[in-house]
Amino acid sequence: MKSKKYLFLIILSTLVLLSSTKKELPELRIPSYKIKLSDYGFFEGKLSEQIPSSGVVPYALNAPLFSDYAYKLRFVSFPEAAAVIFNPDSVFQFPIGTALIKTFFYYQDERNVKKGRRLVETRVLLHEEKGWVALPYVWDDLQTEAYLEVAGATTQVTWRDHHGDKQTSDYLVPNMNQCKACHERNGVMTPIGPSARQLNGDFVYQDKPENQLQRWSQLNKLKVMPDDLQTLPKMANYEVSTNELDARARAYLDANCAHCHNISGPAQSSGLFLDWNIKDSTAYGFYKTPVAAGRGSGNLSYDIVPGKPNESILLYRMESLDPGVMMPELGRHRSHVEGIKLIKDWIKAMP
């Protein structure tokens with residue numbers, strides 16, 4: 001009788017324990033993302049004016065990626081009680097809760113920006129507990145709101161360039177999977193822009209230029225940063241012709257190619273690594289034979305032939321608009337005339 005009583009108590013205790021445990025289990029969460037850009041509260045006032053809210057910091061890169069001549073506005077929204085730990089070599093490791101926001105736009109007339117601009121896409125990179133996720137938001141025709149388009153989109157854009165010539169292009173908004181093609185490192189989604197070398201430059205905050213790294217440090221959003229800015233890496237602006245030619249060319253290749261062509265990127269099997277500080281000349285392409293010959297290489301022998309741009313596969317692929325040949329593979333439908341000239345001049349000047 002006593003043993004039956006103990007058995008009953010054991011069963012009862014177990015049921016109570018299970019009941020208690022069930023109550024403590026976390027609620028199952030199904031990911032859902034905001035449908036409208038305005039729902040995040042990144043901006044105040046009229047959404048199209050892109051005025052950052054408190055806690056959202058605008059920034060710019062010294063050497064931006066070419067995207068069919070689109071201009072870009074960049075912002076970072078930091079989590080309230082966390083900061084980035086400074087590192088000199090790679091893209092910063094942002095804390096969970098960070099949002100990187102990038103709006104692509106075209107001026108109606110590049111000769112007179114007061115004529116207005118057309119916002120096309122705002123891409124939001126959210127750092128969640130499970131990792132980074134890229135969310136493309138497409139602007140409506142009235143320029144009042146941008147809506148989530150996980151499947152991407154294509155829209156035609158028209159503008160007047162610096163020469164007054166009318167330009168028309170099909171702008172591609174990538175879907176969520178296409179974003180991964182450029183953002184992955186060893187299979188992990190990662191930001192590709194904001195690093196010490198890209199942020200070590202001035203940005204005009206409320207009419208006053210200030211070094212961006214210093215600004216982030218003063219906001220307590222960048223920790224363990226060395227005090228002497230002169231000792232920190234700084235990438236050249238490749239659009240400034242007075243900068244040294246080699247520094248401009250390496251900055252261009254780093255910004256436009258190295259997000260894939262690095263030792264942990266999607267193009268690692270090519271053996272061509274175009275990070276700005278690569279010292280191994282063969283890995284950087286000099287007299288390096290391609291992994292695959294034929295159409296992709298234009299039947300040329302080496303990635304870079306010093307003094308001979310027309311014999312260099314690197315330039316051949318930059319100039320091409322053939323989807324099976326062109327580089328980069330994504331993010332452009334047009335040739336970057338100024339970038340091609342820069343790389344051509346750089347190779348031609350080599351002894």
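This is a predicted model: local features need pLDDT of at least 70, side-chain atom pairs count only at pLDDT 80 or more; totals for chains, interfaces and linings use all residues.
I began with strand β3 and found that 4 bridges join β3 to strand β4 (residues 71-77), the two running antiparallel. I take strands here as DSSP runs of E with at least two residues, numbered from the N terminus, and I count two strands as paired if DSSP finds at least two bridges between them.

Residues are numbered from 1 along each chain as its sequence is written, and side-chain values use heavy atoms, with hydrogens and water left out.

Next I followed β4 onward and saw that β4 pairs with β6 in the antiparallel sense over 7 bridges, with V76 facing L100 of β6 as its bridge partner. I then asked how many residues of strand β6 (residues 99-107) are buried. The count is 8 of its 9 residues, where buried means under 20% relative accessible area with a 1.4 Å probe and protein chains only.

From β6 I moved to strand β7 (residues 117-128), which pairs with β6 over 9 bridges, again in the antiparallel sense, and K102 has R123 in β7 as its bridge partner.

Finally I looked up the whole sheet, which is open and has 6 strands in the order β3-β4-β6-β7-β8-β9, with antiparallel pairing. Its edge strands are β3 (56-59) and β9 (146-148), each of which pairs on one side only.

Technical notes. Buried means under 20% relative accessible area, exposed over 50%, partly exposed in between (1.4 Å probe, protein chains only).
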